[in-house]
Amino acid sequence: MKERRYMDDWVNEVRLDEKTGRDRRVPVYTGVWYTLDAAPGMSAALAVWAPFLVCAGLLALFFLLDDAGTRSLPVFLPAAFALFPLMYWGLGVWTVSRIRGRFTRLQREKGYGRMLRSSLGCVIFLGVAALADLVRMVTAGGPEQDLPGWLALLGAFLAALLAFSRQRRLERHIVETGGEKT
């Protein structure tokens, strides 16, 4: 349904198909084009994929470790709910990695916008899970055996926070290039 908002950015033109010799309707984008102007820092692919992969890897490591945090409902539920924004974050990363040069409003929304919102969702859920695990460790006594799980959660939280802050800086470098195709 979100795509319907951008329906006015497209028009159907009738063009001659050279193979068949018949007229054919072709959708042509007439909306605003965007480009990424002077991306800050490292290469674009590494800047997009690295925080996502680190966050996903550390969250998977947390679930694979068999400590008390994975069996505690106040810790497990927010960490499990973080998988949903993580999935959408991955879809946004995939969309952004396929963009070459200019991109449409829909690609901006499905790529950069989805990455921004999803990394914020991961920050919230993983922050709550890490805080709940810390409270559980402090109130339960000896956190020595549960420390690796908490460190994995904290690392995933920090990777998502880094990605969110980097994505906010990247949003300032997205420039509108106009509506006409050059």
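Reply: Let us begin with Phe81, which lies in helix H2; a helix here is a DSSP run of H or I with at least four residues, a strand is a run of E with at least two, and both are numbered from the N terminus. The model is predicted, and therefore local features need pLDDT of at least 70 and side-chain atom pairs count only at pLDDT 80 or more, while totals for chains, interfaces and linings use all residues. Residues are numbered from 1 along each chain as its sequence is written, and side-chain values use heavy atoms, with hydrogens and water left out.

Me: Why is Phe81 called partly exposed?

Reply: Buried means under 20% relative accessible area, exposed means over 50%, and partly exposed is in between (1.4 Å probe, protein chains only). Phe81 has a relative accessible area of 41%, so the value falls in between.

Me: Which residues form the nonpolar patch on the surface?

Reply: The patch is formed by Leu73, Phe76, Leu77, Phe81 and Phe84, with about 490 Å² of accessible area together. Such areas come from the Shrake-Rupley method with a 1.4 Å probe, and for residues only the protein chains shown count as cover. Patches take residues with over 30% relative accessible area and no salt bridge; nonpolar side chains (Val, Leu, Ile, Met, Phe, Trp, Tyr) are joined within 5 Å, like charges within 9 Å. Helix H2 (residues 73–81) gives the most to this patch, with 4 residues.

Me: What makes Arg71 and Asp66 a salt bridge?

Reply: A salt bridge is a side-chain nitrogen of Lys or Arg within 4 Å of a carboxyl oxygen of Asp or Glu. The closest N and O atoms of Arg71 and Asp66 are 2.7 Å apart, so the pair meets the rule. Both residues are exposed. By this rule the count comes to 3 salt bridges.

Me: How do you know that Glu109 is buried and Arg117 partly exposed?

Reply: Glu109 has 18% relative accessibility and therefore counts as buried, whereas Arg117, at 42%, counts as partly exposed. Their side chains meet in a salt bridge (3.2 Å, N to O).

Me: Why is the pair of Phe103 and Tyr112 called tilted?

Reply: Rings of Phe, Tyr and Trp (its six-membered ring) pair if their centres lie within 6.5 Å; planes under 30 degrees apart count as stacked, over 60 as edge-to-face and the rest as tilted. By this rule the count comes to 6 aromatic pairs. The ring centres of Phe103 and Tyr112 are 5.4 Å apart and their planes are at 40°, so the pair is tilted.
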